[in-house]
Amino acid sequence: MPLRSTEAGWGALVRVFHWSIALLILVQAVIGLSMVEMGLTPAKVRVFALHKSIGMTILALVLLRIAWRLGERRPADPPAMPRWQVRAARATHLALYLLILAIPLSGWWFNSASNAPLVWFGWFDLPSLTGGLDPVWKPRALLLHQTLFGLLVALLVVHVGAALWHHFKQRDEVLRRMVMGPRKKTGGG
Amino acid sequence: MKFVIGCLCTTLLGLTAPAFAHAWKVDPAHSTLAFTNTYQNVAYSGQFKRFTAKIDYDPADLARARFDVDVDIASLDTQNGERDEAALGADFFDTAKFPHAHFVTTSFRKTADGEVQTDGQLTLRGVTRPVTLVVKFVPNGDNATLDVSAQLDRLDFGIGAGEWADPSMIGVGVKVHGHLALHAQP
């Protein structure tokens, strides 16, 4: 199983990044939407701490992923894919990257402006981005965090929808190669 | 004549009283009552912005020294609105039932290494317990600064008992530090 991506498909590392971040985003969404409804108990404090820790993990993973992608080629698009679709796909992917960077950063910013602790899985402290309470930017950072999440949900509908359309309607390799990697060449190839 | 001289002497004595008096007035604008604690094992600090203190203190006359402090608990500020709001609730300070804390000294003493300590009674959240303060008094003419510090255990006063008792959530030991700017009372 090649680590690096090739003309034919995604390398193992890109797929690990893709699916681990996807899973963590799903977990984050469930935690984030339910934690705000909780009454104030130690459990709520722990769930908030978990949401922050997972968010910082996603931020670290996406930074590593971008660094890795910069040194890689991307597999070829299906030959039948029209130019507008290629453009739309690229734009969606770029927007997804920006959102997956910006959402944890806005959460970190909101947490900092709230003067709340940020301890990665109880292991080490992350610094404040605002140097203490910032009552002016606190509500703005929260609004940004929530708005960007809404945008992410909308783009994920497009992203997942497009992947399923490629797989079931176009019957091409787009979804399959993100799951399985490049298809092994059979025969004389 | 004797009476007049007596009166004069009393007046002169009154005029040449010690440079700093026993009774001091607190300058609230330059005084703080602060504490440090931990939340999720991260240090934070807070303060009570409104408190009154009656200070009678002369380092040469500790027997007559007396501090009487009243703290408006709702003036708590830890620079985190959600935390402050929670801290005033029934699980913690419970300001609805106990809006004030009160500290009054019972005795002062000088330790072997010259440090002044005072024992007093602190009433917090309806619980009265003995508390010892370390006292640092620096006179400066008609003014003085008074720094007091103490270490409290929040669970002694039932603050955040039960499910909040876990020290990895909220530290149990609380360091309290008061800094008072004093002016001699006429």
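**Close-up views of a predicted model**

**View 1. Helix 2 of chain A meets helix 3 of chain A.** From helix 2, the residues in contact (heavy atoms within 4.5 Å) are Lys52(A), Gly55(A), Met56(A), Ile58(A), Leu59(A), Val62(A), Leu63(A), Arg65(A), Ile66(A) and Arg69(A). Helix 3 answers with Tyr97(A), Ile100(A), Leu101(A), Pro104(A), Leu105(A), Trp108(A) and Asn111(A). This contact holds 12 nonpolar, 2 polar and 3 charged residues. Ala, Val, Leu, Ile, Met, Phe, Trp, Tyr, Cys and Pro count as nonpolar, Asp, Glu, Lys and Arg as charged, and the others, Gly among them, as polar.

The model is predicted: local features need pLDDT of at least 70, side-chain atom pairs count only at pLDDT 80 or more, and totals for chains, interfaces and linings use all residues. Residues are numbered from 1 along each chain as its sequence is written, chains are lettered from A and ligands numbered from 1 in the order written, and side-chain values use heavy atoms, without hydrogens and water.

**View 2. Chain A has 5 helices and 2 strands.** Helices (H or I, at least four residues) and strands (E, at least two) are DSSP runs, numbered from the N terminus. Along the sequence the pattern is α-α-α-β-β-α-α. The C-alpha trace of chain A spans about 65 × 30 × 30 Å along its principal axes.

**View 3. Aromatic pair Phe67(B) and Phe108(B).** The ring centres are 5.0 Å apart and the planes 85° apart, an edge-to-face pair. Rings of Phe, Tyr and Trp (its six-membered ring) pair with centres within 6.5 Å; planes under 30 degrees apart are stacked, over 60 edge-to-face, the rest tilted. Phe67(B) sits in strand 5 (residues 66–72) of chain B and Phe108(B) in strand 7 (residues 100–110) of chain B, so the pair ties together parts 41 residues apart in sequence. Over all chains, the whole structure has 14 aromatic pairs.
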